[in-house]
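This report describes how the parts of one protein model are arranged. Please keep the sequence and the structure in view while reading.

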Amino acid sequence: MLTGIQRVANENIFSDLNNLEIYDLSSDGYSQYFGFTDEETKQILKDFDLTFNNEVKEMYDGYHIGNIDVYNPWSILKYTKNRKLGYYWVITSSNTMIKNAIRNADSTFKNSFETLIEQGYVDVNVKMGTSFYEKSQTSSLWGMFINAGYLTIKDEINPKRYRLKIPNFEVVDEFKYFLSYYFD
């Protein structure tokens, strides 16, 4: 099983790796393995003599994978190690790909991005299985945001349209940097 991997190309009959079963972040299959559930998070924190409270929930919860709500596992584990709330997951990469995609996105994406910032959510078409750089489409860019963990699916409107939101405070802070690239 591979998790946290952005698909680079659609499989086809001439690739070395094809006929895969794909479970993306909207799929129910294996959804409980993408993060820690509420119960698991409470137990982990208890095992490390840490208190489960609203601050922990607001900072690291908020991901909706398939039919399950989960916490960011990296951040929860770093919290247990450091014993203080902090921005752990968002500092693990440079996000250059997403920043460049925002800067070069079309007006459809930019209008929807503004709606996301203003309302806290946005209803958009999403392609989960196609890399933005493979097919430079707005729906693929939204899929990249979801796959990268910067957005989560709040609701499925239909099989290709979703209500997306920023999952938690840790990620909200990172959107300040995305906004600086957006407004340049």
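How close do the axes of α5 and α6 come, and at what angle do they cross? The axes come within 9 Å and cross at roughly 40°. Axes here are lines fitted to C-alpha atoms, for helices over the stretch in contact, and angles run from 0 to 180 degrees between N-to-C directions.

## Basis of the model

This is a predicted model, in which local features need pLDDT of at least 70 and side-chain atom pairs count only at pLDDT 80 or more, while totals for chains, interfaces and linings use all residues. Residues are numbered from 1 along each chain as its sequence is written, and side-chain values use heavy atoms, with hydrogens and water left out.

## Overall organisation

The protein contains seven helices and five strands. Helices (H or I, at least four residues) and strands (E, at least two) are DSSP runs, numbered from the N terminus. Along the sequence, their order is α-α-β-β-α-α-α-β-α-β-β-α.

Of the 184 residues, 41% count as buried. Buried means under 20% relative accessible area, exposed means over 50%, and partly exposed lies in between (1.4 Å probe, protein chains only). Contact means heavy atoms within 4.5 Å. Among contacts between residues at least 6 apart in sequence, 64% join residues at least 24 apart.

Among the buried residues of α6 are Leu141, Trp142, Met144 and Phe145. Just after α6, Gly149 takes a positive phi of about 95°.

With the crossing angle of roughly 40°, α5 is oblique to α6. For such labels, angles under 35 degrees count as roughly parallel, over 145 as roughly antiparallel, 65 to 115 as roughly perpendicular and the rest as oblique. The crossing of α5 and α6 is right-handed; a crossing is left-handed if the near helix is turned anticlockwise from the far one by less than a right angle, and right-handed if clockwise. In α5, Thr108, Phe109, Ser112, Phe113 and Leu116 meet Thr138, Leu141, Trp142 and Phe145 of α6. These residues divide into six nonpolar, three polar and no charged. In this classification, Ala, Val, Leu, Ile, Met, Phe, Trp, Tyr, Cys and Pro count as nonpolar, Asp, Glu, Lys and Arg as charged, and the others, Gly among them, as polar.

The axes of α4 and α6 come within 11 Å and cross at roughly 155°. These two helices are therefore roughly antiparallel to each other, and their crossing is left-handed. The contact is formed by Met97, Ile98, Ala101 and Ile102 of α4 with Leu141, Met144, Phe145 and Ala148 of α6. By class, the contact of α4 with α6 has eight nonpolar, no polar and no charged residues.

## The nonpolar cores

A nonpolar core is a set of buried Ala, Val, Leu, Ile, Met, Phe, Trp, Tyr and Cys residues joined through side-chain atoms within 4.5 Å. In soluble globular proteins, nonpolar side chains tend to be buried together. The largest core here has 31 residues, of which Trp142, Phe145, Leu151, Leu164 and Phe175 touch the most other members. Elements giving two or more residues to this core include α4, α5, α6 and α7, and α6 gives the most, with five residues.

Leaving aside neighbours within four places in sequence, Leu151 is in contact with residues including Leu116, Trp142, Phe145, Leu164 and Phe175. A second, separate core of eleven residues includes Ile44, Val56, Tyr60 and Tyr71.

## Helices α1 and α3

Helix α1 (residues 38-47) and helix α3 (residues 73-82) pack at an angle of about 15°, with their axes 10 Å apart. That angle makes α1 roughly parallel to α3, and the crossing is right-handed. Thr41, Ile44 and Leu45 of α1 make the contact with Ile76, Tyr79 and Thr80 of α3.

## Two partly exposed residues

Leu85 lies in the loop between α3 and α4 and is partly exposed, with a relative accessible area of 36%. Leu85 and Met59 are 26 residues apart in sequence, yet their C-alpha atoms are 7.7 Å apart.

Ile68, in strand β2 (residues 68-70), is also partly exposed, with a relative accessible area of 21%. Not counting residues up to four places away in sequence, Ile68 touches Ser31, Gln32, Thr37 and Tyr63.
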